[in-house]
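Hi,

Here is the structure I promised to pass on.

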Number of protein chains: 2
Amino acid sequence: MAQDHTVKSFDDELMRLRNLIARMGGLAEVQLASAIRAVIKRDSSLAEATIQSDGKVDDLEREIDDLALKILALRQPMAVDLRAILSSLKVGTDIERIADYAANIAKRSLALNQVASVRPVHAIPRMGQVVKEMIKDVLDAYLNGDVEKAVRVWKRDEELDEMYSSLFRELLTYMMEDARNITASTHLLFIAKNIERIGDHATNIAETLHFLVKGAPLREARPKHDETSYAVVKPASAGGKG
Amino acid sequence: MAQDHTVKSFDDELMRLRNLIARMGGLAEVQLASAIRAVIKRDSSLAEATIQSDGKVDDLEREIDDLALKILALRQPMAVDLRAILSSLKVGTDIERIADYAANIAKRSLALNQVASVRPVHAIPRMGQVVKEMIKDVLDAYLNGDVEKAVRVWKRDEELDEMYSSLFRELLTYMMEDARNITASTHLLFIAKNIERIGDHATNIAETLHFLVKGAPLREARPKHDETSYAVVKPASAGGKG
C-alpha cells in the first residue's frame with residue numbers, strides 16, 4: 001500500500017512537470033502571437049502588455065527547474081523517466097528563449113511605431129504564421145510523444161530560413177534606396193532574425209523529443225541554416241566601386 | 001573496500017565532467033578570440049578555420065550530456081552533487097551558444113571582407129576585449145567555485161551593453177550617410193549583437209554558479225540590458241518629415 005502510494009505520487013509529479021511544460025508552452029505561444037500582432041497592427045499597447053508578461057514565462061521555467069530537481073533528488077529515477085525529466089529541463093530552456101525573442105519583437109515594434117511604415121513589413125505576417133504553426137505543432141508533438149510530427153516541424157525550418165534570407169536582402173536593398181528607411185528596416189531585420197531563431201528553438205524541441213523517444217539523436221539531412229551571414233548586397237549606384 | 005572504490009570512481013566521474021567543461025570552455029575562448037581577430041585583421045582564412053572548428057564544441061557538449069546522464073543514472077547523486085551535475089548541463093549549453101555566436105561572427109567577417117571597410121569597425125576590438133575577459137573570468141570563476149569573481153563578471157555586462165548601444169546608434173547614422181556603407185554596417189550590427197549576446201551567456205554562467213554555491217538565485221540590481229531594441233535614429237536630412 002505504501003509502495004502503491006509512492007509510485008502514484010511519482011506519476012503525479014511527472015504529470016505536474018508535464019502540465020508545467022504545457023502551460024509554459026501555451027503562454028509562449030500567446031506571447032509570440034501577441035508580439036507578431038503588435039508589429040502587424042502597430043499596436044503599442046499590446047506590445048507593452050507582451051513585454052510585461054514575459055516575467056510569467058520566466059517564473060514557470062523556475063518552477064520547472066525546481067520541480068525537476070526535486071524529483072531527481074527524491075525519486076532518483078532511472079532510464080526513460082530520467083531522460084524525460086532532463087528533456088523537460090531542456091524544453092523549458094527552449095520555451096523561455098522563444099518567449100524572450102517574442103518580448104524582443106514586441107520591444108522593437110514600439111520603435112517601429114515611432115517611424116513611418118516600410119514596405120517589407122508585409123513579409124512579417126507570413127513568417128509569423130509559419131513560426132506560430134511550428135511552435136504549436138512541436139509543442140503538441142512533444143506533449144503527445146509524436147516523433148513523426150516533430151520531425152515534420154524540424155524539416156519545415158528550412159522554409160522559415162528561406163523567407164528570412166529573402167527578407168534580409170529585400171531590407172538591405174530598401175535601406176539603400178532611402179536613408180529614411182534605415183531605422184525601421186534595421187528593427188525589421190532584427191524582428192525577422194528573432195523569428196528565424198524561434199524556428200531554431202522549435203527544431204531543438206523536435207531533436208529533444210526524438211532523443212527522448214528513440215534514444216538516438218536526429219541525424220537526417222539537416223535543414224539548411226540561415227545563410228544571410230554571408231550575404232553581400234551592393235547599392236545600384238555603387239556598381240562601379242572597387 | 002568496495003565502498004571506497006565506488007566513491008573514488010564517482011569522484012573520478014565528477015572530475016571528468018569538470019575537465020570536459022574546462023576543455024569546452026577553453027575551446028570556446030579560442031573560437032571567440034579567432035572570430036574577433038578575423039574581423040579586425042580581415043583574415044578570411046582564419047574565419048574559415050573558426051567556422052570549421054565549431055563542430056568540436058558541439059561534440060564536447062554531447063560528451064558532457066552523455067556523461068551527466070550516465071552519472072545521474074548510475075550514481076543517483078543527492079544534494080550538492082546533483083546540483084553540480086545539472087549545473088554542468090546548463091553551463092555546457094551556454095558554452096555551446098558562445099561558440100555558436102563566435103562561428104556566426106566568423107561567417108559575417110567573410111561577408112565584410114568582400115566590401116570596403118567602414119569606420120565603426122574600430123569599436124569591435126574594444127567590445128571583443130571586454131567580452132573575451134568576461135568569458136575567461138567567468139569560466140575561471142566557475143571551475144574554481146569563486147562566486148565573488150562570477151558576480152564581478154555579471155556586473156560587467158553593463159559595460160558591454162553600453163558599448164553595443166553606442167555602436168548601434170553610430171552604425172545607423174553611418175548607414176544614413178552613404179548607402180554603400182549599408183551591407184558592411186548591417187553585418188557589423190549583427191557582429192556587435194552577437195558579442196552582446198555572448199556577454200549575456202557569461203552572466204548566465206555566473207548565475208548558475210551562484211545558485212550552485214549559495215543555493216539561491218542571484219538577485220541584486222540586475223545589470224542594464226540592451227536597450228537598442230527601442231532605439232530610433234533619424235537621418236539629418238529627414239528632420240522635417242512627419
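Below are the notes, starting with conventions and ending with a loop residue.

This is a predicted model, where local features need pLDDT of at least 70 and side-chain atom pairs count only at pLDDT 80 or more, while totals for chains, interfaces and linings use all residues. Residues are numbered from 1 along each chain as its sequence is written, chains are lettered from A and ligands numbered from 1 in the order in which they are written, and side-chain values use heavy atoms, with hydrogens and water left out.

Chain A first. The C-alpha trace of chain A spans about 80 × 40 × 25 Å along its principal axes.

Over all chains there are 22 salt bridges (a side-chain nitrogen of Lys or Arg within 4 Å of a carboxyl oxygen of Asp or Glu). One of them joins A:Arg75 to A:Glu13, at 3.0 Å from N to O. A:Arg75 sits in helix α2 (residues 44-75) and A:Glu13 in helix α1 (residues 2-41) of chain A, so this pair ties together parts that are 62 residues apart in sequence.

Now the interface. Contact (heavy atoms within 4.5 Å) involves 50 residues from chain B and 49 residues from chain A. The two chains bury about 4,300 Å² between them, with 64% of it on carbon and sulfur atoms; buried area here is the accessible area (1.4 Å probe) that two parts lose on being put together, summed over both. B:Phe190, B:Ser229 and B:Tyr230 supply 14% of what chain B buries against chain A, more than any other three residues.

Between chain B and chain A the count is 2 salt bridges. B:Asp65 forms a salt bridge with A:Lys90, with 3.0 Å between the closest N and O atoms. On the side of chain B that touches chain A, α2 (44-75), α3 (79-112), α5 (147-177) and α6 (182-214) of chain B each supply at least two residues. The most comes from α3(B), with 12 residues. That side divides into 29 nonpolar, 8 polar and 13 charged residues (Ala, Val, Leu, Ile, Met, Phe, Trp, Tyr, Cys and Pro are nonpolar, Asp, Glu, Lys and Arg charged, and the others, Gly among them, polar).

What lines the largest cavity? The lining is A:Leu72, A:Gln76, A:Pro77, A:Leu82, B:Leu72, B:Gln76, B:Pro77 and B:Leu82. A cavity is a set of points on a 1 Å grid over the protein atoms alone where a 1.4 Å probe fits but cannot get out, and lining residues have an atom within 4 Å of a point. This lining divides into 6 nonpolar, 2 polar and no charged residues.

Last, the loop residue: A:Ala179 lies between α5 (147-177) and α6 (182-214) of chain A. Leaving aside neighbours within four places in sequence, A:Ala179 is in contact with B:Met176 and B:Pro235. A:Ala179 and A:Val213 are 34 residues apart in sequence and 52 Å apart in space, C-alpha to C-alpha.

Cheers

Notes
Helices (H or I, at least four residues) and strands (E, at least two) are DSSP runs, numbered from the N terminus. On a 1 Å grid over the protein atoms alone, a cavity is a set of points where a 1.4 Å probe fits but cannot get out, and a pocket is an open set with protein on both sides within 12 Å along at least five of seven lines; lining residues have an atom within 4 Å of a point.
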